[in-house]
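Hi,

Here is the structure I promised to pass on to you. Have a look at it first, and then read on for what turned up.

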Amino acid sequence: MYELIEKYINGQLTAEELALLKSYLATCTQEELKAIMHKVWDSNDGVPAPSEEQLLRMKHGIDARIAETEGGGKMGVSRIRLSHWVLRVAAVLLPLFVVATVYLMESNRRMNRLMENKLTFVTGEGQQASVNLPDGSLVNLNQNSKLEYTAAAFRHGKRSVRLEGEAYFNVNHREDDVFVVAVSDAEVSVLGTEFNVEARSGKASVTVILDKGRLHVMATKTRRGLNISSGDEAVIDRRTGNISISTLEKAPVRVDWLNKSLVFHDASLENVLQMLEKTYSINFQRQMRGKCRFHGVLPADNLEESLRIICKTCNLKVRNEKERNTYVVSDR
């Protein structure tokens, strides 16, 4: 019996089973019907059973319908019996509909709450992480960064995440399905491409580097945006909202953190030393007179190898004063 009721609630009854359920209900007493209703309600977690007052109001409504039918006087006996049978069945089926509806509404509410819950991924000092998004896109988080999104943000033709720090995005292409990266003071919109976003708190600008495809960058302060192409770097000034675009080939220094590399293009020796100081948290004492220019790639995770390459390229020598975490750089 209760198996048939559960199948009824879930919309799984066959025509034969529905006829069997109706036949059973038609033979039940009022007390049996009431017991059935309470048991059905009690078996649905999270759905409160009706109070005695609610059941009484429901019964009064059904009794009123019966009275209207009986008061007509012109209705045949078979018609009256049929009405009694229909109303008795309705007395049970109506609460079943209520149970099913309330149960589904509560399930939907729980699902919506889950969909709105934020998923947060955080990296600390020296940590990196890879995050697979619901649409198949991949995000590589650099150190000291945070990525947030909700499941609801990937429904109904939209995709959006929020970033603090730095991340490299490999966005799965979907026609007419825009992917939005929101950061403080800026927004990046694409359909599908590979790009890097650096938006660290305390920095005066947001930097976007595009490796493949096209994307749109917008300053939220001015609501003005620009399209950039492969090989472009966009820098958004947080204070003014101005956006400047340059090509990577013209950038003297670039950090390729994903490959743990420092990339230099005809950079001055001073630029190289400054980047090494920042990357490795060290200090250089400069005692050289030459004005060497450097073009190449240095490792971002091997200081000794970086110093060896610089010394060989620019004919320098380095002495480490460990007690002060300082390196003295001089001509050979």
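Helices and strands here are DSSP runs, numbered from the N terminus. Please keep in mind that this is a predicted model.

Let's start with the largest pocket. Its volume is about 1000 Å³, and 30 residues line it. Nearest its centre are Asn142, Glu166, Val255, Asp256 and Trp257. Which elements supply at least two residues each to this lining? They are strand 5 (159-170), strand 8 (194-199), strand 9 (205-212), strand 14 (253-256) and helix 6 (269-280). Strand 14 gives the most, with 4 residues. By type, the lining has 12 charged, 10 polar and 8 nonpolar residues.

Serine 137 sits in the loop between strand 2 (129-132) and strand 3 (138-141). Is serine 137 buried or exposed? Its relative accessible area is 1%, so it counts as buried, the cut-off being under 20%. A polar atom of its side chain lies 2.8 Å from the backbone nitrogen of asparagine 172. Not counting residues up to four places away in sequence, serine 137 touches Val131, Asn132, Arg159, Asn170, Val171, Asn172 and Phe179.

Glutamate 148 belongs to strand 4 (residues 146-150). Glutamate 148 is also buried, because its relative accessible area of 16% is under 20%. Beyond its neighbours within four places in sequence, glutamate 148 is in contact with Lys118, Leu119, Thr120, Val161 and Arg162.

Enjoy exploring!

Best wishes

How values were computed: Residues are numbered from 1 along each chain as its sequence is written. This is a predicted model: local features need pLDDT of at least 70, side-chain atom pairs count only at pLDDT 80 or more; totals for chains, interfaces and linings use all residues. Side-chain values use heavy atoms; hydrogens and water are left out. On a 1 Å grid over the protein atoms alone, a cavity is a set of points where a 1.4 Å probe fits but cannot get out, and a pocket is an open set with protein on both sides within 12 Å along at least five of seven lines; lining residues have an atom within 4 Å of a point. Grid points are joined across faces, edges and corners, and a volume is the space filled by probe spheres set on the points. Ala, Val, Leu, Ile, Met, Phe, Trp, Tyr, Cys and Pro count as nonpolar, Asp, Glu, Lys and Arg as charged, and the others, Gly among them, as polar. Buried means under 20% relative accessible area, exposed over 50%, partly exposed in between (1.4 Å probe, protein chains only). A polar contact is a pair of N or O atoms within 3.5 Å; within protein, one must be able to donate a hydrogen and the other to accept it, and residues adjacent in sequence count only if both atoms are side-chain atoms. Contact means heavy atoms within 4.5 Å.
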